[in-house]
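Have the sequence and the 3D view open while you read.

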Amino acid sequence: MDKFKILKKQLKQLEKNKDLFPFLTIRLNSKAEFFFEAKSRTDLIKAYSLSKKLNLPFLILGGGSNLVPTEKKIAGLVVKNSYLKKEIVKESDSFTDLLISSGYPASLLVNQTIELGLSGFENFAGLPGTVGGAIYMNSKWTKPLTYFSDYLLFAYLIDREGKIKKVDRTYFKFNYDYSLLQKTKEILLEGVFRLKKTDQAELKKIAADNLKYRRQTQPLGKASSGCFFKNIAGQSTGYLIDKAGLKGYRVGRFMISEKHANFIINLGGGDQEDLLKLIKVIKSTIKEKFNLDLEEEVIII
Ligand code: EPU
């Protein structure tokens, strides 16, 4: 029996040759050999175990805001994580412990926790992607430097054997743009965050200020993957690309944003070839002008 048939038996909604364009914020054309939307914990575990059994490459797609496929086709099983769960697991006079699933949209969580008067995510207003993506990437806000993972207590993962594992915060070895999941390729199921009960108005003000800063400094609403490269040598890579005179530079349908030079914008219909050429120009210019080697922040596959 072919792999599609075996998978389809267990994952009823499985699709073949699925266009990933709508799921990628940079709007690249790329297809998944097999595609499945996981709507529960069981779905995620089942899909992962099957991919192991069939020896298929496995890729989890959160909000698609940091994923840049350089191939027109992604081999194996791509799973869109739409597992949504939010539950109070513990409460005191001063805090609430919230269990949140990995497929939960980060921006929804930010808004809902602010409404509940719970502090912890208010710096992340306007953050694209999902909770799973934010933990995997260790998403941050730099004014002041705070991480989405700051209030994580413990989490549940699917390990490489397909078993469920409970780990505490230290397990992740969080650092700038880094969590251990990038190395182990384990899958986050849920995280439990301890959020402080705080005055709602105060949280709203912080969120509004941060969102305003984002709107003023970043090309929100344009097709991009957010900041494309990691900051380097303690400096903003956007600042460096800007200083190198590359704002507005174009290759085909890809352009370096005029608003923030670490954002690559797809003007519509851009293909991988042009994007790769533009990346090369940026890297070689920064090497030449500042003798620095840029590293992608986005996940190139
Ligand atoms: N700057 C320029 N030109 C530019 C961009 C920035 O001169 O084109 C200057 C700014 O004027 C500012 C300084 O560089 O003085 C820093 O800029 P910004 O505040 O935008 O911060 P950043 O270091 O460029 C980082 C994160 C962003 C995050 C912001 C705000 C990285 C690679 N980027 O950008 O994260 O939103 O701080 O906290 O760490 C992302 O992860 O996708 C992302 C965009």
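The points below go through the sheets, a hairpin and the ligand site.

1. A word on the source before anything else: this is a predicted model. Please keep that in mind for every distance and angle below.

2. Start with the four-stranded sheet. It is open, its strands come in the order β1-β2-β5-β3, and the pairing is mixed. If you look at how neighbouring strands sit against each other here, they are turned by 45° on average, direction ignored.

3. Now zoom in on β1 and its partner β2, residues 31-38. The two run antiparallel and share four bridges.

4. Between β2 and β5 the pairing is parallel, with seven bridges. To check it in the viewer, pick Glu 37, whose bridge partner in β5 is Lys 80.

5. What packs on this sheet? Helix α1 (residues 3-10) does, and it touches β1, β2 and β5 (73-81). The direction of α1 makes about 10° with that of β2.

6. Next comes a hairpin, made by β11 and β12 with five residues between them. In its turn, look for Gly 162, which has a positive phi of about 85°. The strands themselves, β11 (residues 152-158) and β12 (residues 164-168), are antiparallel and joined by five bridges. Ile 158 is placed opposite Ile 164 of β12.

7. There is also a three-stranded sheet, open and antiparallel, with the order β14-β15-β16. Since β14 (250-251) and β16 (264-266) each have a single partner strand, they are the edges, and one side of each is left without a neighbour in the sheet. β14 connects to β15 (residues 254-256) through two bridges, the two strands running antiparallel. Val 251 has Phe 254 of β15 opposite it.

8. Which helix lies across β14, β15 and β16? That is α8, residues 272-290, running at about 25° to β15.

9. Then the ligand. There are 22 residues around it, and those that come nearest are Thr 142, Tyr 176, Tyr 213, Cys 227 and Ser 236. By class, the shell has eight nonpolar, eight polar and six charged residues.

10. Lys 143 has a polar side-chain atom 3.0 Å from an oxygen of the ligand. With Cys 227 it is the backbone that takes part, an N or O atom lying 2.8 Å from a ligand oxygen. For Ser 236, an N or O atom of the side chain is 2.7 Å from an oxygen atom of the ligand.

11. How much of the ligand does the protein cover? The figure is 79% of the 830 Å² of accessible area that the ligand has on its own. As for which elements give two or more residues to the shell, they are β9 (140-142), α6 (200-217) and α7 (237-243).

Technical notes: Residues numbered from 1 in each chain as written. Predicted model: local features only at pLDDT ≥ 70, side-chain atom pairs only at ≥ 80, totals over all residues. Heavy atoms only, no water. Pairing = 2+ DSSP bridges. Contact = heavy atoms within 4.5 Å. Axes fitted to C-alpha atoms, helices over the stretch in contact; angles between N-to-C directions. Near = heavy atom within 4 Å. Polar contact = N/O pair within 3.5 Å; in protein donor to acceptor, adjacent residues only side chain to side chain. Areas by Shrake-Rupley, 256 points an atom, 1.4 Å probe, with all protein chains shown as cover. Nonpolar A, V, L, I, M, F, W, Y, C, P; charged D, E, K, R; others polar.
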